Amino acid sequence: MKQKIAKKIKLLALLLSTAFLYSCSEDDYSYEKGTFIPAIDATNLPASFKPITMFADDEDPKFMYDKSDRWFRVNQLVQAVIKSKNEVQISLYSPVGLSDVKVYAKIPNYEKRFVLYHFSYIPAFHRSIHTIPLTEGTHDYELENGNAVTIEQIEGFANGSIEFSVESSDPLFQKLKKIKSQHLVQFHDQYHINEYGKFLPMNPVLAKEAITLMINFSYALSHPLYYETFMNFDRFKREQAERAGTEVIGAKDWHGNNADANGEYDYFTKQQIEKIYWDWLDSRTVYMAMVGGDAALGGGPLSSVWESTYVSSHWHGGVSVWSHEYGHHIGFGHSSNLANGGEGGGQQEMMAQFMQYLIHIQDLPFTDPEILKTWTKTQYLNSKNYSKPIFKINQNNPFLLKYKGEGTWK
Ligand SMILES: [Zn+2]
């Protein structure tokens, strides 16, 4: 039997100096299994954990529109936030649950992260409140290398004093972890309150679809094949023209918001294109909303599409309008092919074709509309005419023609 020798951290000393505490090598320490705080199955937590399912179908929409409470970054779908000096709120912004989730903590004056909570399972859109074990007493915690650290009781934690990070062996998490976009996602009711009809109120059923679209879209933007195509859009256009046996139609590469004169576009340099790529993935806020009229709208934080896009189209890769509005949100007008389709196609066509290719090769976090079954939830929908979205790749898809089923993000 292995002898348990855990590294000890003296908490009072933590506040003053740490130098003498960490002189031993981590490799000297091992632990016995079972000495850590046990794994938590979040499926059926007692009421003391205040468990809820966010965006439950019949939840009052006022909760999804509360921007101080419902928000997430697309690269942090398992969200941990300090709720009080001894409590952490765990939320999962995903339409599918995750197994084997380790929430790591890093506290000031100790250089290593350790497992604060281990969830054997977190259901879709789950949220619950958990006491910070550090505030309860002295415990052993698992380090990343499997070794143990003993940390003595700490009174409490201020907001931001624990740095959280998440790891999981779940294959879905391995996909979600690749998302590079740091966009902050919220729902905003100002649009339909101020201009009812042009915009329509959403509900949790639609919000779940919007979140699913946003996660898939962010994954696609982060994908190496997308980066490769975005950075070489001139080649993408040239190859399309070659296949069609024509000259390149319209702009030969990405161009900006200046009006085009005599076929002269304000083309971006490679350096500018690289910067624009990262703008699509930066940490700005996007307000998701739903339009009711003829025109979808985007600009500033807003990006909006119709109910049909949320319920159905995005499962077919129908993100052309969404990409267009997202292009406005990033800062492009109709004179740029980064928003508009323009002559010969731009970002909106390319992205829709790319999403279709990713669905075809099953390389998106979510490709099965059955996970939400929104088309069956007619009491929550304005149109009653949806059926289950069924995807079929267009054989002329430029990514299919070029990559022939290859290109999965390894
Ligand atoms: Zn537009």
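Which residue in β9 stands opposite Val 88? The legends below take up this pairing and its surroundings in a predicted model, in which local features need pLDDT of at least 70 and side-chain atom pairs count only at pLDDT 80 or more, while totals for chains, interfaces and linings use all residues. Residues are numbered from 1 along each chain as its sequence is written.

**View 1. Pairing of β6 with β9.** Val 88 stands opposite His 130 in β9. Strand β9 (residues 126–131) runs antiparallel to β6 and is joined to β6 by five bridges; strands here are DSSP runs of E with at least two residues, helices are runs of H or I with at least four, and both are numbered from the N terminus. Two strands count as paired if DSSP finds at least two bridges between them.

**View 2. The hairpin of β5 and β6.** Strand β5 (residues 78–84) pairs with strand β6 (residues 87–92) in the antiparallel sense over six bridges, and the hairpin that β5 and β6 form has two residues between the strands. Ala 80 has Ile 90 in β6 as its bridge partner.

**View 3. The open sheet of four strands.** The strands follow the order β3-β9-β6-β5, with antiparallel pairing. The edges are β3 (52–53) and β5, each of which pairs on one side only.

**View 4. Packing of helices α10 and α11.** Helix α10 (residues 320–330) packs against helix α11 (residues 347–360) at an angle of about 135°, with the axes 8 Å apart; axes are lines fitted to C-alpha atoms, for helices over the stretch in contact, and angles run from 0 to 180 degrees between N-to-C directions. The two helices, α10 and α11, are therefore oblique to each other, a class left over once angles under 35 degrees count as roughly parallel, over 145 as roughly antiparallel and 65 to 115 as roughly perpendicular. Ser 320, Ser 323, His 324 and Gly 327 in α10 meet Gln 347, Gln 348, Glu 349, Met 351 and Ala 352 in α11, where contact requires C-beta atoms, placed from the backbone, to lie within 7 Å. By class, this contact of α10 with α11 has two nonpolar, six polar and one charged residues; Ala, Val, Leu, Ile, Met, Phe, Trp, Tyr, Cys and Pro count as nonpolar, Asp, Glu, Lys and Arg as charged, and the others, Gly among them, as polar.

**View 5. Where domain 1 meets domain 2.** The domain assignment gives domain 1 (7–176) and domain 2 (184–403), with bounds that come from an automatic or database assignment. In this view, 20 residues of domain 1 are in contact with 24 residues of domain 2.

Key. Two residues are in contact if their C-beta atoms, placed from the backbone, lie within 7 Å.
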